[in-house]
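I opened this notebook page to record what I looked up in the structure. The sequence and model are placed below for reference.

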Protein chains: 2
Amino acid sequence: MGFELDTRKKRILQAVIRDYINTAEPVGSRTIARKYGLGVSSATIRNEMADLEEMGFLEQPHTSAGRIPSERGYRYYVDCLMQREELSFDEEDLIQREYRSKIDDVGQVVHVTGQLLSQLTSYTAVVQKPKIGFSSFKNIQLVGMDKERAMLVAVMDNGIVQHRMIDVPVSITGNDLAAISAVLNAKLSGFTMESIKNTLIKEIYIELAHYRRTLDLVLDVLRYSLTSDSEDKIYLGGLFNILNQPEFQNVEKLKTLLGLLEQEDLLSNLMAANPSSSGVTVRIGGEISYRGMQDCSMVMAIYGVKGQPIGSLGVLGPTRMDYSKVISVVEYMTKKLSFALENLFKDIADKEVKF
Amino acid sequence: MGFELDTRKKRILQAVIRDYINTAEPVGSRTIARKYGLGVSSATIRNEMADLEEMGFLEQPHTSAGRIPSERGYRYYVDCLMQREELSFDEEDLIQREYRSKIDDVGQVVHVTGQLLSQLTSYTAVVQKPKIGFSSFKNIQLVGMDKERAMLVAVMDNGIVQHRMIDVPVSITGNDLAAISAVLNAKLSGFTMESIKNTLIKEIYIELAHYRRTLDLVLDVLRYSLTSDSEDKIYLGGLFNILNQPEFQNVEKLKTLLGLLEQEDLLSNLMAANPSSSGVTVRIGGEISYRGMQDCSMVMAIYGVKGQPIGSLGVLGPTRMDYSKVISVVEYMTKKLSFALENLFKDIADKEVKF
DNA sequence: TTTAGCACTCAATATGCGGGAGTGCTAACA
DNA sequence: TGTTAGCACTCCCGCATATTGAGTGCTAAA
């Protein structure tokens, strides 16, 4: 791909796509000749555009309208024509400032990232919360709430604090809970949920043979509810930016799109279907195989810590999106997010020094 | 008000409003005569409607269209004409089931309430999270995260768990943190933030004279960040129900409305401006004094525990909303929410039994 | 190979014309 | 005196019909 087009065709295709991205109106040969000085007349451009249409890079909404890019056109643009746009100083500065404030826990990092993504692109940001399966327990605490319930609180080393109410036998006292907490802490802290060996579990059961039933419940919650809970969760930023896009002035379209975005599981799938494990992925129109998102494109990337992928983030907009801008932003923010998370974990590496 | 209208005018006004609520179309005299058997001809109704218009209860979009209710008309309808609509068995059953599952903490109660409100009315639910100022500490824990940071976790008796990262001097060890936690727990648990006396604080400072600086920080966070954090927060349910209302098919209108609803502080003000301290309040159109919400009405009520108001909840929809239905739902849900919260607190009353 | 010129196409906008729903008024009626 | 039938009138709405204008494709000349 790419070599099939001579230089002039490339420049014309590029001009058409740029103009359409800016104006959202079909662009005609005269416009190209006027606005983008190619040194040829509109008639020449007309011929070239006819060729480009035949090759499938452009299409015409109807006879006597200008041309708009086809999906294949966008694809070619993204792969071969587009040139990278660096972030401005102001933008980088904004990002720096936002990250410097409140970076206490993973939730906030995700939030800030989503905000920035949507703000910088004026599209909708989709950020998958990091899989915390591999984060390790820092502290586990059972707090008695009333006669038959206790609150299980788990602090993870990445700053996430999870909690869940569990039922406990009426016979269990506050001292019992404290004892259980102590053993759980001694045995589990420093371990990730996955790395916990069966032998360890057995040890716990032996030490707390008295509290079998409660222990069953606690370990179950630790295993399933807490860990899986925040996995697969999605943060959406700038959802209403959609309203500013001319392609979604139609309320019916809006309804279907927002309806889709409401379904977290669907978004999870969308984010999970990320082929390239490194770098930015662009899915254009029909390449997103959800009915109702044909007019959308998605630019996304995987972020991670120390080469380990733990989630992905992306920007969703109309197929007529400013790819060059969006790709730069997504790329930059992926780095920033990974960096912020590593920062969050970094200090943890030397926890032995202290605890 | 009310006595100025004779029975027939009342019945006609009622019929017009009901019909308009159902159809969203201006309603004419013939429609009234046909659909609502009043035993008089359309001509008579025509005369009456002209009177009602002159009195300000109805208005005409243009000559030769039917009539639609004016704000004053809706107000009169709500105050004098409307009859209460009981919830169906299925609806009450749904509510029961939803509340029976997951009622572990205040957040979930609020979430379920919002969901139900929007689902039952097909409008948008606005639920102010309960002010937790008066909830008391159950457990306070400082967990070391890395050399210079610790996680402060506070479990409140209403099931809310709050946490915040704080900086601590590098010199402080895990044992120190445990010691601080122990003292804080011993002194503060059972107390609400407001009820903490200065003498108590002094006691703490004396016992932990060593950790002055850290203690300053911890108490500051407990006082301000944690408590005020979840106050004033608003849960919105069924936001996209707006899209189904014919009065918001216009994207511009949608944009302004959604823009307003995005601002939490504005919503907080809206919910706070609740005059009657008991019972359901209805604000119609211009009675909500925000530009951009002229076409909306709001039905709201204050909920509380043991007569103590701790928040409010409401339903936002077009002025042409099904007041009778919405008022019933809001009234019912207010009771349910208060009840659910009291349940959450009830067991706490007898905590002495156990701890 | 490029370009000027021209006929042609077709959405978008305006213009004009019933049809219909609904009103107000009048006159007859109980 | 209140009610109703009848009728002229109003005005939105939908529809068909010009008109416009941006843009194309094609042809022929440079």
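The entries below go through the topics in the order in which I checked them.

**Conventions.** I worked on a predicted model, in which local features need pLDDT of at least 70, side-chain atom pairs count only at pLDDT 80 or more, and totals for chains, interfaces and linings use all residues. Residues are numbered from 1 along each chain as its sequence is written, chains are lettered from A and ligands numbered from 1 in the order in which they are written, and side-chain values use heavy atoms, with hydrogens and water left out.

**Relation of the copies.** I then checked the interface, taking contact as heavy atoms within 4.5 Å. Of the interface residues of chain B, 91% are also interface residues in chain A, so the copies meet through the same surface.

**Aromatic rings.** I paired rings of Phe, Tyr and Trp (its six-membered ring) if their centres lie within 6.5 Å; planes under 30 degrees apart count as stacked, over 60 as edge-to-face and the rest as tilted. This gave four aromatic pairs over all chains. One of them joins A:Tyr74 and A:Tyr323, tilted at 50 degrees between the planes and 5.7 Å centre to centre. A:Tyr74 belongs to helix α4 and A:Tyr323 to helix α12 of chain A, 249 residues apart; helices (H or I, at least four residues) and strands (E, at least two) are DSSP runs, numbered from the N terminus. Both tyrosines are buried, that is, under 20% relative accessible area, with exposed over 50% and partly exposed in between (1.4 Å probe, protein chains only).

**Sheet in chain B.** I counted two strands as paired if DSSP finds at least two bridges between them. Five strands form an open antiparallel sheet in the order β7-β3-β10-β9-β8. Its edge strands are β7 (234–237) and β8 (280–284). β8(B) pairs with β9 (residues 296–305) over five bridges, and B:Val282 has B:Val299 as its bridge partner.

**Positive phi.** B:Ser122, not a glycine, has a positive phi of about 60 degrees. B:Ser122 lies in the loop between α6 (106–121) and β3 (124–128) of chain B and counts as partly exposed at 42% relative accessibility.
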